[in-house]
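Here is a short report to read beside the sequence and the 3D view. Keep both open as you go.

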Amino acid sequence: MERFADEADVVIVGGGPAGLSAAIRLKQLASQHEKELRVCVVEKASQIGAHTLSGACLEPTALSELIPDWKERGAPLNTPVTEDKFSILTEKYRIPVPILPGLPMNNHGNYLVRLGHFVRWLGEQAEELGVELYPGYAASEVLFHEDGSVKGIATNDVGIAKDGSPKDVFERGMELHAKVTLFGEGCHGHLAKQLYKQFNLRGNCEPQTYAIGLKELWVIDEKKWCPGRTEHSVGWPLNRNTYGGSFLYHLNEGEPLVALGFVVGLDYTNPYLSPFREFQRWKHHPSIMSTLEGGNRIAYGARALNEGGFQSIPKLTFPGGMLIGCSPGFMNVPKIKGTHTAMKSGMLAAESAFSKITDENLQSETAGLYIPEYEEAFKKSWIWKELYSVRNIRPSFHNYFGLYGGMVYTGIFYWILRGKEPWTLKHNGLDADQLKPAKDCTPIEYPKPDGKISFDLLSSVALSGTNHEHDQPPHLTLKDDSTQSFSCVYEYVPLETGDGMRLQINAQNCVHCKTCDIKDPSQNINWVVPEGSGGPAYNGM
Amino acid sequence: MSARVLVGVKRVIDYAVKIRVKPDRTGVVTDGVKHSMNPFCEIAVEEAVKLKEKKLVKEVVAVSCGPQQVQETIRTALAMGADRGIHVEVSGKDYETLGPLQVSKIFAALAKKEQADLIILGKQAIDDDCNQTGQMTAALLDWPQGTFASEVTLEADKLKVVREIDGGLETIKINLPAVVTADLRLNTPRYATLPNIMKAKKKKITNVKPADLGVDVSSRLEVLKVEKLKEAGRI
């Protein structure tokens, strides 16, 4: 069955901060130069912002460059940071650490935001400029010209039953062709994964390393609410060799809302470690419980994030396409901020592409545009400088003293020398290779969730509004389904008849965090995109 | 057949979302929450489009009452195959108190204005579970009604409707013009595919105000409070 095809000047995969910033910038340039440009954004979430999850503490630098009058336009940056606290937790105590100006975790001038709402606002700005937004449609396939350059994308076929057969409502996906396609799928994008192989974009960089971020929104007792208070911690409940920490932000959005969460580096070695349960356990620390007691949890979500930084930046441009945002990965790990760099990368991609897209001499029906100017502009930008200066902080944790060694390194080399040391430390290799065999590790005794401060996984997933059309093939595919290990959606259930267990994949519960694809030691899991508009329904996460 | 069908589509909070009561207990939180077309309205649209594909009706008009956002819901109906849309503008306090009585008055007025031969609605909305709009609309127009329809067939100039009732299935024959309300088993709605969403942007949506139709949307009901049920079995 033939697919319907349509043409645009630029197609952007992913309606997040990077994709929308690129779209807005393209339209701004088009209007400035009085040119017509068709820009289409496809986004797998049912509405813009519904798959967005982040702390988040936003540095408004890129936003002010993109939309200088963001305040007048009602951007939801309602909570300037008023108090910045950093501490090392032990099981019972909290050791405050002073945040000297110049340290990456100093948040003066930044805003606490509900990133999903900010992304929604960016979407409105984009629509006003004439960008065509298509939420609810997932790009599932990259299309190529005969010469191997990227031609565009195709959305997935819908109406396929669990067993792969077409249902009555079967419809083929559609093809969107473009002169250049921008891929902004966020951390560990599934199309980006294919592109890395296709164009060997990771030949000259280290593999990407990741963390998982888990987050909840709580309405707390008004007496405990201090809007603008920004708290970060490291230490308990993680041991010194497991990278991770927490955040707790008091938002100023009308009601006493706090956004809190926990990040665990996915290079953890103990297979008994459960990031979700570490998060739940952390909330019971006396200093955290005092904030949450009497409060009510209203949302939950999770998402993988990049930690590779400078060393893991791949080649960003290839014939017919460019990578933007957290997909290639520009997160400043010690600052734990990646939104401002994602937005800037989208803007740089747009600026580099604009002159080539509108140049009549370069138009071709049979080849996508190759735009190396993007990579050059990127290397000259503040993203590059910023990521270079913090490049050694995360890898400095790979020493005997773990966390403490890392903090000492940061204090000396970053705070004093601003990252000017001449060496670049390496990461430890793929996260998937880090797990030690279970027999060499001690199981961790996690406390049972108490239903008031800590909760079980299933009720948490229910709060994310996650849903998928149930009669569709599972989107967590296995290359070889004889062995499996993982947490959220996989379980071994006893066979209905006879002995033994079989693998059950509850793809229904998937919140699209991508951690399974990253951490699986056998790299057997391949996350592919389910039917559009499935997945979590985050509201301002 | 020159028949024109009016289909009502309601924008409701998506069924998979966990509802939260507003802190002031006057209602539920809707801001930023995922909304979609009421599932029974999807079935109603599908049935109307099927009738058009069988060439039994000539035009399908999708109607929704509410603020600007309901246009997305109308677009989805257009992407499924409706020919044009009517957005009845109701916003603010009026929208919060909009209920079956006012909506049925609006539909009755529109049916006369558009000279509709058939109105298909979902049997109920999943937010208020009223199950009243179809019945009230039929009464206001003095039209026959085939509610809880699990099968609809046109036989000459009459409509044969199989209804889902407590004891099983009841088959009735009603004259046209009529009101039909869709139940779950009537059909499986098709996907609104991306090419159809794109084409739907070119289809027309007309805006109209309730006052233009001579309808007063003020409510005779006052919500005193909305509360979350205490969960059973938890300490």
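## Basis of the model

This is a predicted model: local features need pLDDT of at least 70, side-chain atom pairs count only at pLDDT 80 or more, and totals for chains, interfaces and linings use all residues. Residues are numbered from 1 along each chain as its sequence is written, chains are lettered from A and ligands numbered from 1 in the order written, and side-chain values use heavy atoms, without hydrogens and water.

## Chain A

Chain A holds twelve helices and 24 strands. These are DSSP runs: H or I of at least four residues for helices, E of at least two for strands, numbered from the N terminus. The C-alpha trace spans about 65 × 65 × 45 Å along its principal axes.

Of the 541 residues in chain A, 61% count as buried. Buried means under 20% relative accessible area, exposed over 50%, partly exposed in between (1.4 Å probe, protein chains only).

## The interface

The buried area is about 2,300 Å², with 59% from carbon and sulfur atoms. That area is the accessible area (1.4 Å probe) that two parts lose on being put together, summed over both. B:Lys34, B:Tyr191 and B:Leu194 supply 30% of what chain B buries against chain A, more than any other three residues.

Two salt bridges cross between chain B and chain A. The rule asks for a side-chain nitrogen of Lys or Arg within 4 Å of a carboxyl oxygen of Asp or Glu. One joins A:Glu255 and B:Arg20 at 2.9 Å, N to O. B:Asp31 also pairs with A:Arg120, with the closest N and O atoms 3.9 Å apart. B:Asp31 sits in the loop between strand S2 (11-13) and strand S3 (35-37) of chain B, and A:Arg120 in helix H3 (residues 115-128) of chain A, so the pair joins two chains. B:Asp31 is exposed at 53% relative accessibility. A:Arg120 is partly exposed at 26%.

## Salt bridges within chain A

Over all chains, the count is 44 salt bridges. A:Glu351 and A:Arg25 form one, at 2.6 Å between the closest N and O atoms. A:Glu351 is in helix H7 (residues 339-357) and A:Arg25 in helix H1 (residues 17-32), 326 residues apart. A:Glu351 is partly exposed at 32%, whereas A:Arg25 is buried at 16%.

A:Asp471 and A:Lys167 meet in a salt bridge at 3.9 Å, N to O. Salt bridges with shared partners also join A:Glu83, A:Lys85, A:Arg229 and A:Glu231 into one network.
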